[in-house]
Structures are given as C-alpha cells and as structure tokens.
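Subject: Structure handover

Hello,

Here is the structure you will be working with. Please open it beside this message and follow along.

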Amino acid sequence: MSEQVDDATLIERFPWVQITHDSKHLFRGWLDQKLLINCCDDCSTFHHPPKPVCPDCWSSNLTPTEVEGKGVVFLAMHLHQGSPAPDVDYSKGPHPVVAVELEGLGGVRFSSTVIDCPVEDVVIGLPVELTWIERYGAPFPVFRPRPTDGGGE
Ligand SMILES: [Zn+2]
C-alpha cells in the first residue's frame, strides 16, 4: 500500500522510463503492484499504452482499471543484447521479451519479460500470468507461465 505519490516522486521512482501525463497513472499503479489499463467509460474499450482519448470513440472519459493480468504470449523475442537493466544479464543467455495479449480486454497487449521459465520455452501461445519483480527498487510487472488445465489451483 503506497499513498498517492506526487509527480516528482513518481519520476524519481522510475528514472528509466519516460513518464507522461497520459502514462503516470500506469506507473502509480505499479507502486501498488497493480496493472492499470485504460478503459473507456463511453464504449468500454480497453487500450494500452495509455492515450489521452479512446482510440475507438475519441472519448476522453477514461478510467485506469486494474486487470488480472492473465494472457497468452502473442509475440516473443529472445534478445541477445539490449539496454542494460539490473535483472538482465545477456552473458547468461538471451533475454526473453514478450507481448502478452491480455485475457478479456479485446486484444490489449502488454510488453514485458517472462520469468521462472527457460528462455527456449518462451514461445507464442504460452499461457502466462502477471507477477512482479523489483527493478531499480520499484515494482516492475513481468509474466510467468501459468497452468491451464483444470481451471483452478
Ligand atoms: Zn471509447
């Protein structure tokens, strides 16, 4: 539980991302380990990354809505080099980068990485769920494989 932080503090907590007026609620959510996806109040369409208006009906009545974060890998890349991050060590092998199509959000995709899984198993169609790691001392949303059979734990 973190209280609402002001813009300056928010920028301080996420020095490695560019925070804009349209995306700051997204990163405020991260501090509470919540993935917030913009939902249009007028046509109920979700979109991501955050835009100032709904891409479907141009309404500016948007509500950042917490989502469960279950989905399926839509696109997978295995990076052999890239920008440095504390949890990424390219010398230990390729780093998986994925776009996950989130369940029930009409095709919204969220890009991140997959943990708890050998990189060669990170392929298109892999069912995943949201989890959180720390990056530069702040929560960072990532995915891990999820069981698909039985529909329950
Ligand atoms: Zn709309």
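**What was found**

The chain has two helices and eight strands. Helices (H or I, at least four residues) and strands (E, at least two) are DSSP runs, numbered from the N terminus. Starting at the N terminus, the order is α-α-β-β-β-β-β-β-β-β.

Two notes on the source. This is a predicted model: local features need pLDDT of at least 70, side-chain atom pairs count only at pLDDT 80 or more, and totals for chains, interfaces and linings use all residues. Residues are numbered from 1 along each chain as its sequence is written, and side-chain values use heavy atoms, with hydrogens and water left out.

**The whole chain**

The C-alpha trace spans about 45 × 40 × 30 Å along its principal axes. Of the 153 residues, 41% count as buried. Buried means under 20% relative accessible area, exposed over 50%, and partly exposed in between (1.4 Å probe, protein chains only).

Now contacts, meaning heavy atoms within 4.5 Å. Take those in the chain with a separation of 6 or more: residues 24 or more positions apart account for 51% of them.

Next, charge. The chain carries 11 positive and 22 negative side chains. Lys and Arg count as positive, Asp and Glu as negative; His and the chain ends are not counted. The centres of the two sets lie 2 Å apart, with each charge placed at NZ of Lys, CZ of Arg, CG of Asp or CD of Glu.

**Helix H2**

Is helix H2 (residues 24-31) enclosed or open? Eight of its eight residues are buried, so H2 is largely enclosed by the rest of the structure. Among the buried residues are Lys24, Arg28 and Trp30. The cover over H2 includes helix H1 (7-13), strand S1 (36-40) and strand S7 (127-135). Just after H2, Gln33 takes a positive phi of about 55°.

**Strand S5**

Strand S5 (residues 95-102) has six of its eight residues buried, so S5 is also largely enclosed by the rest of the structure. Which strands pair with S5? Two strands pair if DSSP finds at least two bridges between them. Strand S4 (residues 71-79) joins S5 through eight bridges, and the two run antiparallel. There, Leu79 stands opposite His95. Four bridges join S5 to S6, again antiparallel. In that pair, Ala99 stands opposite Ser111. S5 and S6 form a hairpin with six residues between them. In the turn, Gly104 has a positive phi of about 75°.

Best wishes
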